[in-house]
Amino acid sequence: MSWRLSDKLAEKINHYSSFPATAVSLRQMVQFGQHPSGGTLFRGAQFLSEELPIRLAHRVKELNNLPDGLSEMPSIQKVRNWYAQSFEELTELPRPKIPIELRELLINANRKKSNGERNGKVLLENTENPSLAGEDYRPITRKNHLNSRRYFVLLDDSLKWSPEIYEYNKKFTKCLSIIKRRHDPVVTTVAQGINEYKHSRQRMQIDSSIQSFLDRFYMSRIGIRMLIGQHIALNEEPSRGDYVGIICTKTNVRELAQEAIENARFICEDYYGLFDAPKVQLVCKPDLNFMYVPGHLSHMLFETLKNSLRAVVETHGSMAEEFPPVKLIVAEGKEDITIKISDEGGGIPRSAIPLVWTYMYTTVQSTPSLDPDFSKSDFKAPMAGFGYGLPLSRLYARYFGGDLKLISMEGYGTDVYLHLNRLSSTSEPLQ
Ligand SMILES: Nc1ncnc2c1ncn2[C@@H]1O[C@H](COP(=O)(O)OP(=O)(O)OP(=O)(O)O)[C@@H](O)[C@H]1O
């Protein structure tokens with residue numbers, strides 16, 4: 001039997017969507033997860049059991065109200081139903097009974113006790129994400145949202161937590177894993193929905209309102225998956241050396257870059273039938289480490305390198321004796337780590353630059369089939385062809401306060417600048 005959105009559920013979703021989301025910074029996530037006890041994890045689950053439904057509810061509402069009939073496309077409805085179903089599962093999960101004194105403590109975690117001490121410790125405040133000023137997915141920080149729920153309140157861990165609390169932690173984590181898996185094919189399915197829309201309206205490109213919806217939607221998805229992934233990892237996986245959940249406090253840029261180079265060159269050789277893909281010269285200090293999510297950085301490096309390799313091969317021809325190398329240069333500043341990827345792949349005409357940031361813009365002649373089942377995980381194209389590589393990578397960069405910029409010299413090549421914010425206190429961009 002297929003799942004359907006009841007009126008009662010729609011009303012509940014409407015209610016939740018009237019609350020703003022609360023932003024969490026990378027540093028807060030790390031501070032919170034450094035030594036998680038049962039009680040701290042429970043506090044995390046409590047926050048997520050409110051925060052995730054709020055974020056999901058916003059998305060359901062938006063998916064229901066898209067311009068120009070986009071909401072009616074079957075694939076968009078399918079995604080809307082996944083969001084609503086996950087909302088339902090989270091809000092219906094039975095809460096544990098908490099003894100009165102613990103409840104007091106949870107509620108008053110931030111209040112001062114009679115001896116002046118606090119029960120819990122509120123983690124450092126977020127700062128606004130500087131690279132996002134004027135963007136339409138602005139963060140909700142304490143400045144513009146005074147009553148935001150305090151998430152990362154650490155609790156006095158010497159307390160005894162009942163078995164019921166541990167049981168709830170397990171059930172909640174299981175529920176999150178199911179939701180995460182359900183939402184794996186969201187990017188491909190939304191892309192499918194956009195294709196359905198383009199066919200039904202006989203359009204080649206999407207307009208700016210749909211473009212900004214997609215930016216908001218995918219940015220929100222990155223945030224939701226970050227919170228879910230972090231919570232699951234803290235609950236399920238034994239802590240690994242420099243990791244706190246899925247965040248690595250010493251992400252080594254050189255190692256990740258080397259891996260991305262190998263993967264992108266391999267895909268390129270395979271796709272063009274080359275014996276040797278264009279070389280990539282890497283300039284990076286071997287001990288350059290910073291706090292980041294390695295999965296995000298790998299994704300951005302791989303996508304931009306793939307673009308450069310493709311441009312070089314297509315400009316010089318796959319039969320060329322030799323290719324000019326792509327250069328990957330990493331610079332370490334106080335505020336940012338900047339990665340420049342330079343190629344001599346002929347560049348992009350100035351008129352096409354705004355288009356590279358639009359979803360579904362690609363110069364590949366035939367876009368590979370968009371069967372949502374072809375990739376159950378994230379959006380991984382074999383070489384190119386969906387037009388998602390750059391806009392999605394820019395969202396990943398912006399999510400933690402960085403940015404992605406592209407400068408091109410038509411007739412020569414392209415430079416991509418990947419700025420990664422190393423201060424890690426910027427909050428998530430939300431809307
Ligand atoms: N380094 C580059 N040199 C020349 N053109 C580029 C470069 N990077 C991107 N482009 C152009 O921008 C377009 C969009 O790039 P984007 O990465 O978003 O999508 P794609 O590579 O076509 O597909 P995919 O979603 O599989 O990455 C490309 O099709 C290409 O025309």
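**Close-up views of a predicted model**

**View 1. The residue classes around the ligand.** In the shell around the ligand, 10 residues are nonpolar, 9 are polar and 3 are charged. The structure shown is a predicted model. The ligand is surrounded by 22 residues. Among these, N307, D343, T362, T363 and Y388 are the closest.

View 2. Two helices, α10 (294–316) and α12 (389–399), each provide at least two residues of the shell around the ligand. Which helix gives the most to this shell? That helix is α10, which contributes 5 residues.

View 3. A polar atom in the side chain of D343 is 2.8 Å from a nitrogen atom of the ligand. On its own, the ligand has 610 Å² of accessible area, of which the protein covers 94%.

**View 4. The packing of helix α4 with helix α7.** Helix α4 comprises residues 74–92, and helix α7 comprises residues 186–201. The two helices pack at an angle of about 145°, and their axes are 7 Å apart. From α4, the residues P74, S75, I76, K78, V79, W82 and Y83 take part in the contact. Their counterparts in α7 are V186, T189, V190, Q192, G193 and E196. By class, the residues of this contact comprise 7 nonpolar, 4 polar and 2 charged.

**View 5. An aromatic pair within helix α8.** The model contains 13 aromatic pairs. Why are F213 and F217 separated by about one helical turn? The reason is that these residues are 4 residues apart in helix α8 (residues 208–236).

Methods
Residues are numbered from 1 along each chain as its sequence is written. This is a predicted model: local features need pLDDT of at least 70, side-chain atom pairs count only at pLDDT 80 or more; totals for chains, interfaces and linings use all residues. Side-chain values use heavy atoms; hydrogens and water are left out. A residue is near a molecule or strand if one of its heavy atoms lies within 4 Å of it. A polar contact is a pair of N or O atoms within 3.5 Å; within protein, one must be able to donate a hydrogen and the other to accept it, and residues adjacent in sequence count only if both atoms are side-chain atoms. Accessible areas come from the Shrake-Rupley method with a 1.4 Å probe; for residues, only the protein chains shown count as cover. Ala, Val, Leu, Ile, Met, Phe, Trp, Tyr, Cys and Pro count as nonpolar, Asp, Glu, Lys and Arg as charged, and the others, Gly among them, as polar. Axes are lines fitted to C-alpha atoms, for helices over the stretch in contact, and angles run from 0 to 180 degrees between N-to-C directions. Contact means heavy atoms within 4.5 Å. Rings of Phe, Tyr and Trp (its six-membered ring) pair if their centres lie within 6.5 Å; planes under 30 degrees apart count as stacked, over 60 as edge-to-face and the rest as tilted.
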